[in-house]
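Dear colleague,

Please find the structure below, together with its sequence. My findings follow directly after it.

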Amino acid sequence: MPMHTALARLTAAMAALCCAVAAQGAAGCSFTARSPLHDLISERTVPGAAELSQDAHGTARFSTAGVADVRTRRPIRPTDRFRAGSITKTVIATVTLQLVAEHRLDPDDPVVDHLPPDDSAAIRRTTGTAHITVRQLLTHTSGLFSYTDDHAFFSEFFGAGFAAHRYDSHTPEALLRTALAHRPHAAPGAVYRYSNTDYLLLGMVIRQVTGDSYADEARRRVILPLHLTGTSFPGPRTTLPAPHGRAYSAGLTDVTDLNPSSAGAAGEMVTTLPDLDRFFAALLGGRLLPAPELHAMEDTRASQGRYGMGLFPVRLPCRRTVWGHNGEINGSYVLAAGTDDGQHVVSYRVNSDVRPGAAAEGRLLAAEFCPRSRG
């Protein structure tokens, strides 16, 4: 969901600066006594954190800090489900670029050509939006207002109105109307500005082009081929599949149950750390997209180096660059990243929507990917 601020903080931090489980196919695994995860938890705001990495040798390391549930005090487990927020966008971008590779969609197609008539007409009626392309949605350069920045919506989903509205259902069409009620930030293609409306629309494009929902296409094209057994698109389902811990907001308010239709194609996905590692290893390793489409996904020219298509670069202090995405939704923050060949990947999460400090997150990634930083 609204990740542009966290993205900037992570990039700035990089510039400045218990148990083991084997993922499928891993050659071995090792115990981690203490990791930078411990710097992410707080007794009052972030009860638990977990990290799963797999390196180029196939060695998997799973580390936890804190607890999954403040009442039972149990630790986070590798198979725990959690809400992934905007990492959903990486899957949506992958499906979209698969359609491009199949010549069913062109990145330079006007979006209005691939939407239901009423939604297409609504965009045409909005000043300055009629010529937005699929490429501009993928790169967050459409100029469209992000519906999550609407004051009333933000209050109901993230703010004081959450308790009263946490189970409300939202349709993509209604969320699009919320976005179009605001003037665009800029002309299409003029500037990069992260907008959840862009990926909301890509979900609608996928349905129009294929005849199936983005969730069905993601299951068929990504989840089933990769055997991502803990990953799902819940739609309006308000509970998490078992097993799972709890999810907390500021002041340790339990926000585990909610209706994620308000996030939709921009952020509704539920997953696990092993599934995220497997997905990013397959994507970056070229097993989900042909080379031209994967190269396009990592092309950041439209955003002046900040974002590609469903992926962003993280430049590490050891002069390495890894690729990934982060996600934030009520009660959850997660980040997954990997080397550009997919041989070394890491995913980590906290069970709170209180964002980790940028410096602490930077140390975690540096410890994983920079050899001198690893103990």
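Predicted model: local features only at pLDDT ≥ 70, side-chain atom pairs only at ≥ 80, totals over all residues.

Residues are numbered from 1 along each chain as its sequence is written, and side-chain values use heavy atoms, with hydrogens and water left out.

The protein chain holds 12 helices and 11 strands (DSSP runs numbered from the N terminus: H or I of at least four residues for helices, E of at least two for strands). Its radius of gyration is 19 Å, close to the 21 Å that the globule rule gives for 375 residues, so the chain is as compact as a globular protein of that length (taken over C-alpha atoms; the rule is 2.2 Å times the number of residues to the power 0.38). Of the 375 residues, 59% count as buried (under 20% relative accessible area, with a 1.4 Å probe and protein chains only).

Helix 8 comprises residues 196-210. From first C-alpha to last it reaches 22 Å, close to the 21 Å expected (1.5 Å times one less than its number of residues). Because 12 of its 15 residues are buried, helix 8 is largely enclosed by the rest of the structure. Among the buried residues are Asn196, Tyr199, Met204 and Thr210. Their cover includes helix 2 (88-101), helix 3 (117-125) and helix 9 (214-223) (contact: heavy atoms within 4.5 Å). Gly211 follows helix 8 and has a positive phi, near 85°.

With kind regards

How values were computed
Buried < 20%, exposed > 50% of the residue type's maximum accessible area, 1.4 Å probe, protein only.
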